[in-house]
Structure formats: structure tokens, C-alpha cells
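Hi,

Here is the structure I promised to pass on. Have a look at it first, and then read my notes below.

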Amino acid sequence: MRQRGFTPAAPEAGASLYAGILDPDALGIPITIAVEDLDFVAYPCIRIEPGFVMPARTLPHVAGLDRSLCYYAKGSVILDRYDPGGTVLQCIAQAETVLRDAVAGRSNDDLADEFHAYWGSSYVYVDLPRDHIGPARLCLTALDRGDKTPLVATTGRSWFMARGERTRRQADAGEPLMVIAVDRPLTFAATEAWPPKALPDLDRWLARAAPDLAGVVQRTLRMGTGTSAAVLIRAPNGMYCYRIKVPPHLRRPEFLRNRRTRLPEIMKRQPTATPVERFVGHRADTDYLFGRNLGGMLNLAGKRILLVGCGTIGGFLAQQLAQCGAGAGRGSLTLVDPDVLKPGNIGRHLLGVPYLGENKAEACVAFLKAQLPPLAIAGRAGDVLALDLRRERYDLVVDATGEEALSLALNERAVRARPGGPPHLFVWLAGNGAAAQCLLTGEAGRACLKCLKPALAGPPRFPVLRPGVDVETVINVSCSDPDYIPFPVSRSVAAAALACEVVLDWANGDPGDRFRSLILDARSALPVPSGSPSPVEACPACGPAA
């Protein structure tokens with residue numbers, strides 16, 4: 001560092017600070033570099049000194065009031081923690097390259113990629129149909145977290161608008177919003193004043209960057225009924241919203257009634273230019289929320305799924321199904337479980353102490369609705385065998401109880417309902433969580449659950465526990481607290497994930513292997529190949545004798 005002309009400065013907030021000059025032979029830009037993480041997970045912070053007179057234009061990759069430099073995109077480079085001196089010099093060299101290109105105008109095109117950082121720090125959630133263009137509303141709504149009240153762009157049918165009585169009381173009818181699409185990325189010239197803070201500045205920028213948008217916000221205000229108007233731009237490099245408000249002295253009801261059509265012209269003649277508010281748009285529609293992480297796969301929106309059992313597997317599976325979109329669109333996710341949450345469940349259950357004593361299905365619904373309010377999720381505390389699954393018209397029934405008697409009863413009803421009944425997916429843990437297994441049934445030419453062990457006391461068709469492995473069971477002294485099989489929560493989550501994969505494959509029209517196993521303890525479990533087993537004649541549920 002000394003060889004490069006850098007000297008130590010007074011440390012700040014636990015960071016080692018050095019001062020020096022970038023490109024001393026040409027640019028001569030004074031900087032400070034703060035090294036606060038010697039693991040270099042966080043890159044050293046390089047800032048241009050406040051006394052340096054910047055060029056009379058915007059420099060790409062220089063942002064914020066502290067004029068910090070973005071010289072590496074986050075996560076793009078792995079820095080060597082075992083060579084701290086060389087690593088810091090590497091960062092300084094990269095910063096010099098970035099600044100040379102910025103000053104020379106060679107990276108002006110990068111302003112489009114960084115446009116959101118220059119547009120503003122406020123945001124609006126966009127809950128609109130993906131291709132919606134035209135009138136919409138900009139609404140202030142409440143999230144169930146303190147006083148957080150974000151703006152939401154919607155056509156009026158947003159999931160933000162239906163979150164309980166408290167939310168509905170705070171929600172408003174919204175302000176006029178016009179949604180426009182442009183076919184080229186938004187950017188600005190490095191030489192123009194940025195960002196636009198008043199309406200004349202905005203109009204000048206639009207005349208060059210997006211001529212079709214010139215005057216749109218004024219027309220929206222003229223045709224509306226309130227005291228503000230906004231425009232949301234859908235561009236290839238993001239969504240950007242701007243809003244203007246009628247000055248307070250022009251908001252008299254009689255004035256707005258009689259002279260609304262002239263509002264933009266009157267506001268233009270005011271001694272103080274109308275301020276512009278700027279917001280970055282964040283997609284928040286259900287297609288995006290529940291499809292973003294699935295790549296080209298379909299999510300579970302529109303599917304009607306019944307999940308039986310909200311215990312150690314079913315609770316986590318309910319959450320995973322919800323995060324994949326179960327209950328979105330016209331679909332639904334229904335949870336059924338007759339039991340209540342007890343202290344002994346806490347160590348391997350989705351739910352925690354606040355839900356003790358509550359029915360597991362209803363408590364899971366409350367938990368998931370708080371996290372994912374767009375979804376249609378319902379809970380039932382009764383017996384699933386009392387439901388008429390054909391009348392209720394589910395697309396898929398998932399049994400995550402791991403209770404063999406109940407699973408066989410559901411399997412019997414599923415076999416009898418063929419071919420009109422819904423397919424059933426059974427998921428369970430073998431032994432003390434040695435393996436997670438699941439089976440998708442429903443097709444006449446495929447094995448039912450009973451086909452995996454035709455005789456109740458007989459051996460399984462596909463053994464998974466190694467010979468001699470005993471299943472440990474904890475016996476309780478109280479009849480009200482049944483015996484249980486110990487295994488860690490990691491096994492429950494793995495079983496839920498295995499089942500969720502099968503559900504996604506089913507929803508995408510290619511179930512693949514109907515019978516799948518995931519070995520979690522190779523010391524106790526044998527490898528079982530996945531496949532789609534056929535029925536067996538000895539099966540009392542679906543065999544010929546049945």
C-alpha cells in the first residue's frame with residue numbers, strides 16, 4: 001500500500017482506512033479505501049473524497065452521497081482472504097479501470113443497467129397482470145407488520161387489498177395510475193442533470209428518452225378525480241413509477257370541479273415547479289411470487305390440493321406447497337388434522353410455542369396466511385375419513401400422516417374411486433427417519449399403497465431397512481401422550497421436500513417415478529431404486545380378488 005502511495009488514516013467503525021490517489025499520472029482522484037472484512041466476503045469500500053471536484057456529468061458506477069464506487073458486482077469475484085495485501089491492491093487496480101472508463105465515457109451504456117439506482121430509493125409493489133397496459137390505481141395499503149403501509153399498483157383486485165378488517169379499513173380507493181410499456185431500456189445522458197426533481201425536468205428527459213410518455217401524467221391528472229396522478233413505465237430494464245400532486249392551494253373542491261381540465265396549464269404557471277416523486281417498481285403478482293424460483297416449471301396455482309396430516313412432515317410440506325403456489329389463482333390448499341400442537345411436537349414441527357394447544361391444521365393455516373396472504377388456504381380439525389373426496393373435487397390428495405392404518409384406509413377409498421377419483425400421494429419416514437419414501441397412486445396400471453406390502457404382517461415388497469435394524473420407540477406413561485418414534489427435524493424436512501418434488505412433477509404433467517426413496521441414514525437403510533411399480537395379484541386392495 002505504501003508503494004502505491006497509500007497511507008493509513010484514522011479507523012472508522014472497526015474498519016482499517018487508507019487514503020491515496022487513484023491513477024496519479026492521469027486522473028489523480030483522491031480516495032479512501034475501507035477494509036472492514038479480512039475474509040473479503042464484503043468487498044473493501046472505495047469512496048471518492050468529498051473535496052474532489054467531479055466532472056460536470058454523471059459517472060457510471062459512482063453512487064450515493066458518499067460517492068462510493070461500484071467496481072465489482074456483488075458476488076462476481078472471489079477475493080483471496082489469504083493474500084490481504086494483494087487483494088486490496090487488486091481492488092484498487094480494478095477501481096482505477098472502472099473510473100478511467102467512466103471518465104472517458106466508455107461505460108455510459110452502463111447507466112441503463114444501473115438505472116434503478118439513479119431513479120430513486122422509494123418503491124412501489126406492482127400487483128398487475130403481466131401484460132397489463134392502461135389505467136390502474138396506485139393504492140396505499142397496510143401489511144400486518146406495525147405501521148408499514150406500502151404503495152401498490154393494482155387494477156383493484158390485488159391480494160394486498162384483502163388482508164383482514166384492519167387492512168380494509170386502512171386501504172384507500174387509490175390514485176389514478178397509467179401503465180405504459182416502452183421497448184427500449186430507460187437511461188439518461190451522462191451530461192444531463194439527474195434525477196428529475198420537478199415536472200419540467202421530467203418532461204425534458206421524457207422528450208429524449210421516451211417521447212411517447214410526454215404529457216401522459218398531465219393527461220391522467222386532467223381526466224382523474226383526485227389530487228394526484230402517476231405513471232408506471234414497463235421497460236426492458238425494470239419498472240419505474242413517477243407521481244405528481246396538485247399543489248395544496250389548488251385543491252379546493254369547487255376549483256377541481258370547474259377547472260380540472262386546465263389543471264396542468266395552471267400548475268405550469270405556478271412560481272414553483274411541481275415536484276415529482278419517483279418509485280422503483282417491484283413485481284408482487286402471484287405468478288411472480290410463486291413462479292420466480294421454478295424456472296420453466298409450472299407452479300401449483302389453480303390446483304385444488306388436500307393435505308392430510310399437519311404433523312412433523314405435513315407442516316413443512318404445507319409450507320413448501322404454499323411457496324410453490326398452492327392456493328394461488330383459482331386453486332386451493334386444504335389442510336386436515338384432528339390433533340392439537342403439544343410441547344413434545346415443538347422440536348420437529350413447523351409451528352412453535354405461540355400455537356401450543358391449537359389444532360395443527362388451523363394453526364398451520366394461520367401461520368401460512370400471515371406469511372403468504374395471497375393464497376386460499378383453509379384448515380379442518382375433523383376426521384378426513386368423514387369427507388366425501390369425490391364430491392369435494394380435489395385434484396390431488398396428499399397423505400403425510402405416516403399413520404399406516406389411516407393411510408391404508410385412504411388408499412382403499414382411492415382405489416374404489418377409480419377412475420374418477422383424485423390421485424393420492426403418500427409420504428412417510430421409514431424406521432427412525434432412516435429413509436423418506438413416497439408413492440403416487442391413482443392409475444389402474446400402477447401399484448396402490450397396499451401393493452407395497454400386501455400382507456399386513458408380511459415383509460415389504462421393497463425392503464428399505466437393513467436386516468437387524470430395530471426401530472427405537474419411546475414409550476410414554478400417559479395414555480393421553482402416545483408413544484412416538486424419535487428422529488431429528490432434518491428428516492421431516494427431507495421427507496416433505498421429496499413429496500413436494502413429486503407434486504411439482506405431477507402438476508407439470510410428468511410424474512416420473514411414482515415410487516421414490518431418499519436415504520437419510522445409510523447405516524440403517526438400504527438403497528432402494530426409484531421406479532413406477534406395477535400392481536401385485538396378492539394385493540387385497542386392488543388385486544383381482546379385490
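Helix α13 covers residues 404–416, and its end C-alpha atoms sit 18 Å apart. That agrees with expectation, because 13 residues at 1.5 Å a residue should span 18 Å (the expected span is 1.5 Å times one less than the number of residues). Helices (H or I, at least four residues) and strands (E, at least two) are DSSP runs, numbered from the N terminus.

This is a predicted model, so local features need pLDDT of at least 70 and side-chain atom pairs pLDDT 80 or more, while totals for chains, interfaces and linings use all residues. Residues are numbered from 1 along each chain as its sequence is written, and side-chain values use heavy atoms, leaving out hydrogens and water.

Back to α13: its buried residues include Leu406, Leu410 and Val415. Buried means under 20% relative accessible area, exposed over 50%, partly exposed in between (1.4 Å probe, protein chains only). The buried residues of α13 pack against β14 (304–308), β17 (396–399) and β18 (424–430).

Now the cysteines. How many disulfides are there? The count is zero, with a disulfide taken as a pair of cysteine sulfur atoms within 2.5 Å. For Cys364, the closest cysteine sulfur is in Cys310, 4.6 Å away, which is too far for a bond. Cys539 is in no disulfide either, with the sulfur of Cys448 3.6 Å away.

Lastly, Gly315 lies in helix α10 (residues 314–323) and is buried at 0% relative accessibility. Leaving aside residues up to four places away in sequence, Gly315 touches Cys310, Leu350 and Cys364, where contact means heavy atoms within 4.5 Å.

Cheers
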